[in-house]
Structure formats: C-alpha cells, structure tokens
Amino acid sequence: MSELLTKQEYSEIAKKITLPNKAFINGQFVDAQSGQTMPSENPATGEVLTEIASCDASDVNIAVANAKTVYESGVWSALSPAERKTAVLKLADLIEEHALELAVLETLEAGKPIHECVKTDLPETISCIRWYAEAADKMYDQISPTANNALATIRREAVGVVACVLPWNFPLMMLAWKLGPALVMGNSVIIKPAESTSMTTLKVAELAIKAGIPAGVFNVLPGLGPNVGEPLGLHEDVQVISFTGSTATGRRFLKYSADSNLKRVVLECGGKSPSVVLSDADNLDSVAENIVAAGLWNMGQNCTANSRIIIHKDLKVELTKKIIAKLDDWRTGDPLDPQYMLGSVINRQQYDKVLGYIEIGKKEGAKVIFGGNAIELNNGLFIEPTIFDSVTPDMTIAKEEIFGPVFGLIEAESDEEAIAIANDTCYGLQASLYTRDLKKAHLYSQQLKAGTVSVNCFSEGDITTPFGGYKLSGFGGRDNSLMAFDQYSEVKATWFDFS
Ligand SMILES: NC(=O)C1=CN([C@@H]2O[C@H](COP(=O)(O)OP(=O)(O)OC[C@H]3O[C@@H](n4cnc5c(N)ncnc54)[C@H](O)[C@@H]3O)[C@@H](O)[C@H]2O)C=CC1
Ligand code: BAL
C-alpha cells in the first residue's frame, strides 16, 4: 500500500468510498439522539462530503453507561492480556487491509496530502496499534523489595471508562496513540474525534468489531467540543480523559475534572518549538532540509512544528539561502495528487488565523522572504509556505502558536543566546539542535526545556519514546512508549503479611 498511485486512481477510489456518518455506540452505527447533524467538508475544495451525526450530552450519557456496563461485565477487561493482544493485532491487520481507503478518507476530510497519508500516517497508525498489541503480554508487574515477613505486589489494573478527545491534524495517528494502550489495558474507550475529522475514526470502529473487540468497548461520538467534549469531561463515570489539542481547551478539561470526579486528565497541547542552529553546525544542506520539514510538515499544523528558527549570526546568510532552495521540494496543490507535499489547511477558521498571523508579522516589522499569500485553487483553503526574516523574540509570531505553513528566522549573537531564546517561551514540546560538537550537543540538549530534543535532525522520536511537553505543552503523562500505559491504568499495591 505504501506505493503511490496516480491522482486519477485516488480520485476514482474517493468517488467509491462509503462515507461513515453516524455515531458508533455499543457496536452499532446510530443517529444522534437529537437527530442533529453537522457537515463534513473537504477543505481542499469546499465541497460538503456528508452530514455526520452531531452528538450531545444525551448520547454521552448513553455511551458512558453502556461502556461502564461492558467494562464491568469483563467481556474485554477480564480477558487475558494474550487474548486482548490477538484482537488488537487483528485490528492492526484490518487497518492495513483498508489502508488505501483510510488514506483517501483522511485526505478528503483533512486536506492532508495523500503522499503523507500513504507514506506516514497510515504506516505509523498501523505500527503503533501493533506495537501496543505486542506489548500486551510482555509487561510484567512487580514485587516490592520489602522485608521477608511480607510479600507486596504492585499490579497495573484497567481504570474503567476512558475518553479520548482528538485533534484534527493527525486524526488516525492520534487515535492510534491513545486507543492502542487504552484498549490493551482492558478499558472501555469512548473517542470524541475533532469535528472536522470524524470519518476515519468511525471506519476504524467498524473494523474493531470485525477484529473481535466486543461491542461497547470502542465507541465513537462525533460532535462539537462543548456538546461532547464537555459532558465527557464532566462525567462522573469517565475515569480518564486523554486529550490532544489547544492549551486553551486543555485547561478546560482540568476544570471539568475538578468540578466532577477528579478524573485523571492527560494533556498534549500546543507548542512553539525551536530549531537551534549553533555556530559550529555543519552539513548545512541537511540542516536546511530538516528545518523546512520541521516547519512545513502537515502544512505546519503540527504540535511540534518548528516555527522559530534560531540561527547563529555566522551561519545566517548561507543557511537562509539553503532553506529557500529546499522549498522547491514542498509544493502546494490538490492533496489527492501524490506529487504535492502540501495540501490545504483544515478549515476557514484556521485559514483566517494563519493569514492573520502573516499580517501581524509584517506589521510588527518582520520581513517576508518567501510566500506570504493565500493560493487560489479549487475553492480550497491553501496558503503558501511562508518564511519571515528579521524576527525578534518579542514579536507575536515568535511567541504564539501559528499552526500553519509559516516560520520565522531569528538571529542569535552566540550559542548561549540561541539557547536562551529557545527557552524563552511558555511552551516546551520539542526542540531541534544542530551542532557538530558532542559536548555542546549533550550540554545544550540538557538545558533545552522540551519533552523531546532531537540532535542534528527533526524528530518527535518514535513509538518507543515517550511524547509530551513541559510547561503549557503538556500535563499529566506521556503518549507513546510503555509510559503511555500509565495514563490508562491504576496501580495497586497488595500487601501479604507473613509475620
Ligand atoms: N497540540 C495539537 O496538536 C493541536 C493544537 N491545536 C491548536 O489549537 C488551535 C485551535 O484549534 P481547535 O481545533 O479549535 O483546537 P481545540 O483544542 O479546541 O480542539 C481539540 C479537541 O477539543 C474539542 N473541544 C473543543 N472545545 C471544547 C470544549 N469546550 N470542551 C471540550 N472539548 C472541546 C474539539 O472538539 C476537538 O476534538 C489551533 O490553531 C492550534 O493552535 C489544535 C489541534 C491540535
Ligand atoms: N505531531 C503529533 C502530535 C500532534 O501534532 O498533536
């Protein structure tokens, strides 16, 4: 499947896809109780693809009550880890079988380039689900090193009903990051996809039933944030909320928890990640390639988008030329056409927000050295890759998350100043560091206040490494790696007294 087809072939597949458009509760596709729907639009054409069930608190109450009953029945939670592994592995296999359809669906609803969906999002989704399935029967619990007259065991247990509130930027990947470990632990899971991107999650729910995951274990409630996210956040029978999205909405979940059952809240929020190029960085072609990928991947709609490029003054002129040259590889066009690396942004609100930041950047004195405009194409929401020069750390575009194909170049007088600028932010998700000096790499990667630091590359790590942020970028836990199981389990100490 990771071989690319032609635009014509993808368009033919798009025409034939059945678009999932109902909520998924207790193994059934159902309308919202209210009968309300919301449009799902293709942001690359403006076309309404379908109307999707728009759930509210009454659907949340039904889904949570049912998920709780199913959890307590033990049909999933009381299976052995090896039995859960078999079903979740089957789910990964079915996603792989339907990968082409899912990739096209993701392109249609999110405006993401098919190239990325096929080469990155689908393979990573599948391998993530598989990785957690494989881990199911390989995690051991512990015996504590207490005295000989006692035995103390430390065991993980499922928590019950878990709700995952997803963003629209990587719909399938974010689903996999949360669903994989939550299911494998034995929980019942309710997914609230972002309103723009419900369809791929609904398709995966259909596959979960085929994989043998019992009805009611995996539910999907499409709908607006305040209508579905808020009642989930406030529900007394939801034990965990795992959220990815904006810091503003993340804060709300902490309030919902405080106002209800003190449910655990795990937040993976925004960022203002830096690429830091120190005075001794070499191989500037590779540095430029990484900087451009870090800034533009997924149209910059990425929590780790490197939107602040902090460059030592001695390298600035040469590196800037190389960065501009690398933009040739990142052309914008019809996302169903595999020759393009950039598609549309997600919706009108995001489009206006990004263009608004470009105007603010100009007004505050930064200089556009590439792009800077909307692109008129097929009634879609396309924005040129945009680079600002002469950005200073106090400018709005150097402080606020833009979440679009826009990044700014900031000049630093010294390596120490570059690190200080990198840390001068309320966020702390990821940082890229470029140097050929091993000592500086160690020293400064320790000093950078970020959950992931990548040295001489742009990376978020992989499934084996924990992902999450410092400061306003994160709270309460990590996605990915075995640490993700901490989000979805309780730890029980049991004490046997032999004295
Ligand atoms: N960390 C990340 O990966 C993401 C960051 N963002 C940032 O957030 C900005 C705004 O994008 P949005 O889509 O509006 O993000 P958002 O944080 O509002 O949406 C994320 C999820 O939260 C839900 N939600 C929204 N309002 C809610 C509420 N009152 N109660 C409960 N749930 C609610 C949404 O329906 C969606 O499922 C972006 O411009 C970007 O800066 C957005 C998406 C992903
Ligand atoms: N880049 C993966 C996580 C996110 O953007 O939310």
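This is a predicted model: local features need pLDDT of at least 70, side-chain atom pairs count only at pLDDT 80 or more; totals for chains, interfaces and linings use all residues.

Trainee: Where does UniProt place the domain feature?

Mentor: The unreviewed UniProt entry puts "domain: Aldehyde dehydrogenase" at residues 29-493; such positions are given in the numbering used here, feature names are shortened, and annotations may be inferred rather than shown by experiment. That span is 39% helix and 21% strand, and its end C-alpha atoms lie 40 Å apart. Helices (H or I, at least four residues) and strands (E, at least two) are DSSP runs, numbered from the N terminus.

Trainee: In what order do the strands of the open sheet come?

Mentor: The order is β14-β17-β18-β13-β12-β20-β21, 7 strands with mixed pairing; two strands pair if DSSP finds at least two bridges between them. β14 (367-370) and β21 (452-455) are at the edges with a single partner strand each, so one side of each has no neighbour in the sheet. From one strand to the next, the twist averages 25 degrees.

Trainee: And β12, is that buried or exposed?

Mentor: 5 of the 5 residues of β12 are buried, so the rest of the structure largely encloses it. Buried means 20 or more other C-beta atoms within 10 Å of a residue's own, exposed 12 or fewer, and partly exposed in between, with C-beta atoms placed from the backbone. Both faces are covered, with Ser273, Ser275 and Val277 on one side and Pro274 and Val276 on the other.

Trainee: Which strands does β12 run parallel to?

Mentor: β12 is parallel to β13, with 5 bridges, and to β20, with 3 bridges. Pro274 has Arg308 in β13 as its bridge partner, and Ser275 has Ser432 in β20.

Trainee: Which helices lie across β12?

Mentor: Helix α10 (residues 284-296) lies across β12, β13, β18 and β20, at about 155 degrees to β13. Helix α14 (residues 415-423) lies across β12, β13, β18 and β20 too, at about 165 degrees to β13. Axes are lines fitted to C-alpha atoms, for helices over the stretch in contact (C-beta atoms, placed from the backbone, within 7 Å), and angles run from 0 to 180 degrees between N-to-C directions.

Trainee: Changing topic: what is the phi of Phe403?

Mentor: Phe403 has a positive phi of about 60 degrees, although it is not a glycine. Phe403 sits in the loop between α13 (396-399) and β18, and is buried, with 24 other C-beta atoms within 10 Å.

Trainee: How about Asn456, where does that lie?

Mentor: Asn456 is in the loop between β21 and β22 (470-471). Its phi is positive as well, near 60 degrees, but Asn456 is partly exposed, with 17 other C-beta atoms within 10 Å.

Trainee: Last one: how many residues surround ligand 1?

Mentor: 26 residues do, and the closest are Pro167, Gly225, Gly229, Gly245 and Ser246; the cut-off is a C-beta atom, placed from the backbone, within 6 Å of the molecule. α8 (225-234), α9 (247-258) and α12 (348-363) are the elements giving two or more residues to that shell, and α8 provides the largest share, 5 residues.

Definitions and conventions: Residues are numbered from 1 along each chain as its sequence is written. Chains are lettered from A and ligands numbered from 1 in the order in which they are written. Two residues are in contact if their C-beta atoms, placed from the backbone, lie within 7 Å.
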